Every structure is written in structure tokens, then in C-alpha cells.
Amino acid sequence: ERVNASGSKKMRDLLGAENWDGLISLAREQEREGAHILDVNVDYVGRDGVRDMHELASRLVTNIRIPLMFDSTEWEKMEAGLQHAGGKCIINSTNYEDGEPRFEKVFGLAQEYGAAVVVGTIDETGMARAADGKFEIAKRAYNHATSKLGFPAHDIFFDPLALPISTGIEEDRRNAAATIAGIRRIKAELPGCFTILGVSNISFGLNPASRVVLNSVFLHECVEAGLDAAIVNASKIVPLNRIGEREREVARQLIYDERKFEGDVCIYDPLGEFTTLFEGVSTRAAKTDVSTLPVEERLQRHIIDGEKIGLEDQLKVALEKYSALEIINDILLGGMKVVGDLFGSGQMQLPFVLQSAEVMKTAVKFLEPFIERKGGATTKGTMVLATVKGDVHDIGKNLVDIILTNNGYKVINLGIKQPVESIVTAYEEHGADAIGMSGLLVKSTLIMKDNLEILNERGIKVPVVLGGAALTRRYVEDDLKAVYQGNLFYARDAFDGLHVMDQLTGEQNGKNEAPAGNGASASQTKAASSDDGEAVEDAEDLIGEEAKLGIRKPLKPRAVKTVAGDTTHTVRSAVREDGPVPRAPFYGSRVVENVSLDDVFAFVNETALFKGQWQFKQGRMPAEEYRALVAKKVRPIYDELKERSKRERLLVPRVVYGYFPCQSAGNDLVIYQDDERTERMRFTFPRQPAGKRLCITDYFASRASGRVDVVAFHLVTVGRKASEYALELFKSDSYTDYLYFHGLSVESAESLAELWHKRIREELGIAGRDAKDINRLFHQGYQGSRFSFGYPACPNLEDQAKLFELLDPSRIDVSLSEEFQLEPEQSTSAIIVHHEEAKYFSIE
């Protein structure tokens, strides 16, 4: 709200001087302090407001990333702002003070520019004070906008208008309580709309320290009543746990006018008590007292507890006693070591580790100006880190970056799809102590092997750390170890990578010696191992398709010899050949745009999300205790993230799918044109060399049968914004939010695939066998099967090009990389088989 000439003297001074750069700096300050939307108001007597809005809005849209709210009593100024801002804006505001024509004019602007509208509870008789009056005006506006003007309710924000309770005037005493009651009625009785409030009006005239407390408590009460959005100075709102119990209680009494009387005499007035509490108190002094622990322990507790509040104050105290480097190396890194030990012993889960990493990052940023640089940055060591060529998956790599960076190492994070030339160049440029290569795909393991051979050819023997879902320690030790001439390590997780770097730099033993041999020794710190030394695969780690099917890692990655699989075996299985062929609802492909996120979320595999993606593992925790953890901690995160994803359109489900006539010919699936005769293309699939001798083609009618079968393909995505938003979170050091959102986006793509597979079964008329229990659906509790390219039954990723030819996924903004990977990452494709015997199978 500070970029508002009506309420900010600093804004008025900058506007009067036409200091546009200063105004942009003010806006950036609001963005940095946590604002989600920037309120922009240029109403200043004596100035040309339309011109000012053009000047300011044109600069804001190229300098500020958050959405804009154009705030004025004159619609011409709001339109001037809308003419510059792309995307979704809010216009603030309209009401019935001047009757219905102006009300409709502002809504017309909103419809023309695709904006949302704030409606104040003011009518021709003035501003409503009582809750009933606020509601009646809101109800009138709601019906007017939605029924008469055809405006969507979800683009309406009702402002029940907070008025001061700080004047002592009798008619002002109930202003806060009336506003809260008005919010509650609007939310209960006007479906689909939102509420917004200028919070700080409530404390007008009080001193700054008391305003922070009263505004914060009032905001809490409003949110409890259903408030959706608040216009505030984000840095002037504090969580309730930072407000003293007495101050909080008196503020609440003031808000609800809980004066006490004996007869007509007031014997207790919360307003008087509240002002007395803050006599001579500054905003700094209003903070809660720090702990009596020594500063070293206080700082370590900040790291271990993942607590940022009060961190800078403790760092300033520490700087009186220690140098910045001593604080980092001797105190903060000690806290991170405790975090690592807690994680390794199963006492701390990954989301809490990332909270600690965020605090560490914040502390280091604060201390950086105090560090005396001698010969460059002071770090324990440097790793060049990359996801290998052709692989678009980055979550594992980025977690390694987070853990290493916040444990004193420098990480050169090259990103995804990195060729070996880029990795080598970065290694040479930065003189790195190690190279880290990551990959999710089976094919990535082959590229890692090629990369190691290229390093050999160039005489490079730098230690290399390998990690990723497709790798196993057995494969690294038995196969890749023999390839590489330098030290080679396998890292099962980010802390394995940290342990390797500690060994390489001599941090663990205090000796600057590299570890001997090239075994994957870091992973041996894990307690769980089988008799032959292979780490046991944790069922709680399974995500996506693997979680659905219960796939575990083989001792060696599947298809390490050949990604395409063995197609030389032709002896057919005993799969029934005369199964019924359903009728396709249409031939060709269709795009589906308006898929409800609620429908998608209904198919999310929560076990895969909570345990696999988010790493809230049960381990040895009793089932009842784990359910309590999920209910208290995990599910609120999940529910909030779902709502945010819907509200901010972070996930946009889109589908392209189709049906095609086909027949099998040995190991080939022949796809025909719509005439059911002309061959369009064919897929070749591998067959089990022994046992049941299964091949995907066995589930379709053969050419010899004379019957034409039908095959479905689909490709689903939750959109590029998901990848972009996840990257923003990572780059802004919001590590925990990054983990949560990335996990949800990936599992949402999988759940969309599950949802659309069900839709295809319904359209084919075979959904009658669907399990009623959603968890059974996740384990193929239905007729037929959905096979994704890259898995054992259809391992050839190059077949994605044929799927793209059939479906044209460019229509839903999905592309194919050079290595036949779907972009964005949060996308998945499949061939869908209707045969009643079709189930997932492996080909070794």
C-alpha cells in the first residue's frame, strides 16, 4: 500500500518531484518485503492523474514481477494503468456512491481488460458502518454484477471498509467488530466472491509500535472470519507468537469493544489500556525477548529449528565477538552438521532440512558484507553440478545444490540437459574439486558412462559423483567404476553428496587428503543394506509411475545395454487372441483445455506425494503417530498448496488424446489411417525372451485375425508455468516451498494421466471393472493398462516422436527435446491398452 499517494507521504513527495526511479525503488521494496500484489494510487491534488498513471504504470510493468492493483476514485486513471499492464490486474474500486452508472462503467472496464474489481460497501446514503449494512450493499452489488452484467463472482473482491477504533468516539467503538461480522456474512452468503480490506485504517492515530500490534491482531481476526486479501505494508505485520500475551489480549478486547461498566460508569477501557501499554515503546522494543542461551547456541538453534525471526539480531550480537567467517564456519555450519546428523538418523525429514538451509542462506547473505575476501571467495570446496544431456529433471540436482551450498561449499549449477563439453568447460574454468552428474532416466545412465569415457580421453581425473533415480550403487561400483580412471562415487541422496565432498576436502578427519579408491563409499553410511552390499530400495521413495506400480530399482538400471529393448524374440505369449474389441468414440485426436484442478487432485497418490516427493517418511514411526503428523503438518501444507495452485493458476491441466485403428504383426503394432486399411506408422516393442514371453502387441488383434482393433494414446501436462514457478522458488532460496510445489506439480501430472485414463476407459465402455477404492486404482485396479515410453515394456523413447505425429501436442504447449524428453517436465504420455489381461510387465 506504500505506492499510494493517498496514504504515503513518501509516495507523494516522489510523485511531486516526478522521481520515477524513486517510485520504482519504493515498489521493489514492497515486493521484497513480501507483497503478493502492488496497490498503485496516484490520486494527488493538483496533478494530472491520468498522465501520472501512464508514466508510473509503464515503468512498473517492466520492473515489478507481482500483479498490479490500480487504485483510484476516477475510472480514467484506472484505465490508464490497465492499458500498460498485461496479465491479470485488479481495479480498486467501485461502489454505489454516485449511483449505478459509475458502478457499471468500472465493471465494463474490468470486462474489457480482463481485470478483477474491488467493490466498497458504500451506497447513495454513504459508507455502511454496521455489519448488516455492509452485507446488504455487497449483496446488491453481487446480484447486479453477476446477474445483470454477467460478471464472474470469482473476479469480485468486496471491501467492507475498516474504520478507526482509535478515536475514543462512541460511534467508532464497534467499527472493527462490525467489519469482521460483515466479512463473515459476505463469505457465508455470497458464493464464489472474495473479500479484501485495508487493514491499517483500524489503528489510525496510534503510535507506530501499537499500530503494528493492533493491525496484526485485527488481521488475524479478519482471516479467521474469512478474509481473503489484505492491503497492508507487508513488513508491518507480525505473527501473533511475536506479540506479548498481554498486548495481544488487550488488542483483541479493543477490537471487540469489551469495555467494562458499573452502571453508566466505564471502569475498564481497552483503548486506554492499550495506549498505556505502548507509551514510549518503539517498534524495535515491542519485539519479544531473546533467549538466555549463549549467542552461539542461540544461532545454532535458529539453524536447527529453521527459524528466521530474530536471526539478524543474533548475528549482530555474534559479530561483536567473532568474525563473519568464524560465525559461518564454527557456529552456523555446526548447526547444519546437527541437521545432517538428524536427517541421517531419521529424526528430521527433508522439508525441515530445507527450512534449516533457508535460514543458513539468509544468515550467510547477512554476513557476506562483513567477510574480508583474501584471494577470492572462502569456501570448503567447489563442485560443478549438472543434469546430463537430454534429461529435463532437476529436483535431485537442486537438492544437492541446496545442501552443499549451505554447508560451506561452492556449487556451479549448470542446470538441465547439459552436454559433457559444458561440464568440462565449467570444471576447468572454476578449478572444481569434483563434478556431479545427475539424471532420472535410464538413458541418462548411458550418457553418464559416455561422459566418463570422454573425461578419460581428455586426461581428466577429477572425482565424479553420480546420482539419480535410475542409478544404483551396484551399477556404479560394478560397471562404471571400471570405466573411469579417476575416483567415482555414488550418492543416493543430497547428504551422500555432502559426505563425499567432506571426504574429498578432508573435512571429516581434518586432513586434506582425498579418499583412497573409487568405491561409492558415501552411500555406505546408510544403515540399510542387503547381504550383497546393495542398498535396500525404500518403498517410501517411490514416486509417479513407480509408486503406482510398485516398481523397485533392479540391481542394474534396466536397458543399460540397449534402450530400445530386445525385439528379436518373436515367440508369442498365451494372451487371449479373441478378446472383445471396444468401439472407439472417434478416430483422430482431440484437445481438452478446461480440466478442473479439483478433479486432478482427486487422483493424486498421496502416499507417493507425501512420502516419495516430500520425504515425510514413516520409517519406524508407529502408524498412529505418522497419521497424526500427516494431519497436523502435512495435510495443511497440501491443502494450502492446492488452493494456491488454483488461485494463481500455477497448474493448468491440459490433455491431448486420441483413438486409432490398429492391428498387431508379430512384435509390431501397426497404426492405420481412419479408413482402417492404409498403414500410417508402426511401433516395434520388445518381447520377454522367456517365461510368459509377453509383448505389448499381444494385447491387440492380429492381422491374421481379420479384426481391426483400437489403441488410445494420450499426453497430459500441467503447464510450463509449473516449471517456471518452481525455478523461481529455487532461485529465491525458498527451498521448502520449492520441494513442496515441485513434488505436487509432478504428482499432479501423474494424477491427470490417471484421471484421463479413466475417462478413456469410460469412453471405450470398459470402466465397469474399475475399483471403487482410489488406492486400488493406483495399482491397476481396472481393465487394461497404461504404458509410458521409457519403461521396460516400451523402453524406446524415440517412439515419442511417433506419438507427437499422431497427437500434435504442440497444441497444448508441450514439446519434445533432442533426447525425446517431454517439455515441460510436468508432462507424461502413454499408450493405452484395453485388453482385459493387460498388466504391467518387465523385460530383463
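Modeller: Happy to, and please keep in mind that this is a predicted model. Let us begin with E477, which counts as partly exposed because its relative accessibility is 23%, a value that lies between the limits of 20% for buried and 50% for exposed.

Biologist: Which residue does E477 form a salt bridge with?

Modeller: The partner is R473, and the closest N and O atoms of that pair are 3.7 Å apart.

Biologist: And how far apart are R473 and E477 in helix α18?

Modeller: They are four residues apart in helix α18, which covers residues 473–483, so about one helical turn separates them.

Biologist: Is R473 buried or exposed?

Modeller: R473 counts as buried, because its relative accessibility is 8%, whereas E477 is partly exposed.

Biologist: Why would such side chains pair at all?

Modeller: In general, side chains that carry opposite charge can pair when their charged atoms come close.

Biologist: OK, so how many salt bridges does the structure hold?

Modeller: There are 55 salt bridges in the structure. One of them joins E823 to K417, with the closest N and O atoms 2.4 Å apart. This pair links distant parts of the chain, since E823 belongs to strand β24 (residues 822–823) while K417 sits in the loop between β13 (410–413) and α16 (420–430), 406 residues apart.

Biologist: What about the accessibility of E823 and K417?

Modeller: E823 counts as buried at 16% relative accessibility, while K417, with a relative accessible area of 32%, is partly exposed.

Biologist: Which residue pairs with D698 in a salt bridge?

Modeller: D698 forms a salt bridge with R572, the closest N and O atoms being 3.9 Å apart. D698 lies in the loop between β20 (679–684) and β21 (709–717), and R572 lies in the loop between α20 (544–549) and β17 (588–592), so the pair ties together parts that are 126 residues apart in sequence. D698 is buried, with a relative accessible area of 3%, whereas R572 counts as partly exposed at 29%.

Biologist: Switching topic, how do helices α22 and α23 cross?

Modeller: The axes of α22 (residues 606–613) and α23 (residues 623–647) come within 12 Å and cross at roughly 95°, which means that α22 is roughly perpendicular to α23. On the α22 side the contact is made by E606, L609, F610 and K611, and on the α23 side by Y626, V630, V634, R635 and Y638. Sorted by class, this contact has six nonpolar, no polar and three charged residues.

Biologist: And which residues are buried in helix α11?

Modeller: In α11, which covers residues 295–305, the buried residues are V295, R298, L299, H302, I303 and I304. What covers them includes α12 (311–319), α13 (324–344) and α14 (350–367). After α11 comes G306, whose phi is positive, near 65°.

Biologist: Last topic, cysteines: how many disulfides are there?

Modeller: The count comes to zero disulfides. As for individual cysteines, C89 counts as buried at 3% relative accessibility, and C193 is buried with a relative accessible area of 3%.

Methods: Residues numbered from 1 in each chain as written. Predicted model: local features only at pLDDT ≥ 70, side-chain atom pairs only at ≥ 80, totals over all residues. Heavy atoms only, no water. Axes fitted to C-alpha atoms, helices over the stretch in contact; angles between N-to-C directions. Helix = DSSP H or I, 4+ residues; strand = E, 2+ residues; numbered from the N terminus. Parallel < 35°, antiparallel > 145°, perpendicular 65-115°, else oblique. Contact = heavy atoms within 4.5 Å. Nonpolar A, V, L, I, M, F, W, Y, C, P; charged D, E, K, R; others polar. Disulfide = S-S within 2.5 Å. Buried < 20%, exposed > 50% of the residue type's maximum accessible area, 1.4 Å probe, protein only. Salt bridge = Lys/Arg side-chain N within 4 Å of Asp/Glu carboxyl O.
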